[in-house]
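Hi everyone, thanks for coming.

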Amino acid sequence: EGPGARFSIAFQEITVPHTTSRDADIDAATLALNATFEDWIRARPAEWMWIHDRWKQPGTANAPADDDD
């Protein structure tokens with residue numbers, strides 16, 4: 001914040017498997033990505049910020065509406 005503020009951005013390569021099962025590859029890559037986020041958040045929870053509700057829970061106020069109409 002303010003004059004002289006400094007920020008650093010960390011990058012980590014996520015290995016994406018390429019097998020005969022595209023769905024399994026996507027699942028594995030997603031798990032690896034989420035594990036990386038979890039590591040970063042657990043290391044510095046006070047620095048974590050997310051601008052939308054990524055983890056919506058069914059049956060709660062923040063759950064997406066059902067479009068059964």
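**A walk around helix H1**

Let's start with Thr36, which touches Gln12 and Ile14, leaving aside residues up to four places away in sequence; a contact here means heavy atoms within 4.5 Å. Before going on, a word on what you're looking at: this is a predicted model, where local features need pLDDT of at least 70, side-chain atom pairs count only at pLDDT 80 or more, and totals for chains, interfaces and linings use all residues. Residues are numbered from 1 along each chain as its sequence is written, and side-chain values use heavy atoms, with hydrogens and water left out.

Back to Thr36. It sits in helix H1, residues 22-43. Helices are DSSP runs of H or I with at least four residues, strands are runs of E with at least two, and both are numbered from the N terminus. The chain has one helix and zero strands.

Is Thr36 buried or exposed? Thr36 counts as buried, because its relative accessibility is 7%. The cut-offs are under 20% relative accessible area for buried, over 50% for exposed, and partly exposed in between, with a 1.4 Å probe and protein chains only. Of the chain's 69 residues, 4% count as buried. One more thing on Thr36: its C-alpha atom is 9.9 Å from that of Phe11, and those two are 25 residues apart along the chain.

Now the rings. How many aromatic pairs does a search of the whole structure find? It finds two. To pair, rings of Phe, Tyr and Trp (the six-membered ring for Trp) need centres within 6.5 Å; planes under 30 degrees apart are stacked, over 60 edge-to-face, and the rest tilted. Take Phe37 and Trp40: their ring centres are 5.9 Å apart and their planes at 85 degrees, so that pair is edge-to-face. Both residues lie in helix H1, three residues apart, or about one turn of the helix.

Phe37 also pairs with Trp48, again edge-to-face, at 6.3 Å centre to centre with 65 degrees between the planes. That pair links distant parts of the chain, with Phe37 in helix H1 and Trp48 in the segment after H1, eleven residues apart. As for accessibility, Phe37 is partly exposed at 21%, Trp40 is partly exposed at 37%, and Trp48 is partly exposed at 32%.

The largest pocket holds about 550 Å³ of space. Which of its 14 lining residues are closest to the centre? Those are Ser8, Ala10, Trp40, Arg44 and Glu47. For the record, a pocket is found on a 1 Å grid over the protein atoms alone, as an open set of points where a 1.4 Å probe fits, with protein on both sides within 12 Å along at least five of seven lines; lining residues have an atom within 4 Å of a point. Points are joined across faces, edges and corners, and the volume is the space filled by probe spheres set on them.

Last stop: Ala28, also found in helix H1. Ala28 is partly exposed, at 33% relative accessibility. Its C-alpha lies 7.3 Å from that of Pro17, eleven residues apart in sequence.
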